[in-house]
Amino acid sequence: MKKRFRIKKERDFQLVFKKGRSYANRQFVVYLADHPKTDHMRLGISVSKRLGNAVKRNKIKRRIRVFFHKHQERLKPREYVVIARKPVSDMDYHQMEKSLLHVLKIAKCLK
């Protein structure tokens, strides 16, 4: 994922948490915030150490990035912070995709 599409700094995460709204299901929590200066989406991902070792956490992060890359044209240009919950560690990609689509439909951020 290109640099301009990423949220990496702690203050950027905190800004999304403060200014944004959250939507959740059992597998994911998604924070959304509008960013007036950009015309594209930005993504931040958080996976807790409770979900597994580094290999497992990185696999979850890769799958979330693939989902957002695949559905990028359907998403509104906002800032997204995705937090994975415990059930995600046992899911395959298709289950994760279905769950993320569900949360994003609740948030009304699909075109």
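Modeller: The largest pocket holds about 160 Å³ of space. The search runs on a 1 Å grid over the protein atoms alone: a pocket is an open set of points with protein on both sides within 12 Å along at least five of seven lines, whereas a cavity is a set where a 1.4 Å probe fits but cannot get out. Points are joined across faces, edges and corners, and the volume is the space filled by probe spheres set on them. Before going on, a caution: this is a predicted model, where local features need pLDDT of at least 70 and side-chain atom pairs count only at pLDDT 80 or more, while totals for chains, interfaces and linings use all residues. Residues are numbered from 1 along each chain as its sequence is written, and side-chain values use heavy atoms, with hydrogens and water left out.

Met1, Arg6, Ile7, Lys8, Phe13, Leu43, Gly44, Ile45, Lys61 and Arg65 line the largest pocket, lining meaning an atom within 4 Å of a point. By type, five of the lining residues are nonpolar, one is polar and four are charged; here Ala, Val, Leu, Ile, Met, Phe, Trp, Tyr, Cys and Pro count as nonpolar, Asp, Glu, Lys and Arg as charged, and the others, Gly among them, as polar. At least two lining residues come from each of β3 (42–47) and α2 (54–70), and β3 gives the most, with three residues. Those labels are DSSP runs numbered from the N terminus, helices being H or I with at least four residues and strands E with at least two.

Let's follow α2. Its 17 residues should span 24 Å at 1.5 Å a residue, and its end C-alpha atoms are 24 Å apart, which agrees; the expected span is 1.5 Å times one less than the number of residues. Arg57, Ile60, Ile64, Phe67 and Phe68 are the buried residues of α2, buried meaning under 20% relative accessible area, exposed over 50% and partly exposed in between, with a 1.4 Å probe and protein chains only. They cover an arc of only 95° around the axis, so they sit on the same side of α2; the arc is that of the directions from the helix axis to the C-beta atoms. An α-helix has 3.6 residues a turn, so residues three or four places apart point the same way. On the other side of α2, Val55 and His69 are exposed. The buried residues of α2 pack against β2 (28–33), β3, β4 (79–84) and α3 (93–106), contact being heavy atoms within 4.5 Å.

Phe13, from the pocket lining, takes us to α1 (residues 10–19), where Asp12, Phe13 and Val16 are buried. Seen down the axis of α1, these buried residues fall within an arc of 100°, so they line one face of the helix. The face turned away from that buried side carries the exposed residues Glu10, Arg11, Lys18 and Lys19. The buried residues of α1 pack against β2, β3 and β4.

One last stop, using Phe13 as a reference: its C-alpha atom is separated by 17 Å from that of Arg85, 72 residues apart along the chain. Arg85 is in the loop between β4 and α3 and counts as partly exposed at 36% relative accessibility.
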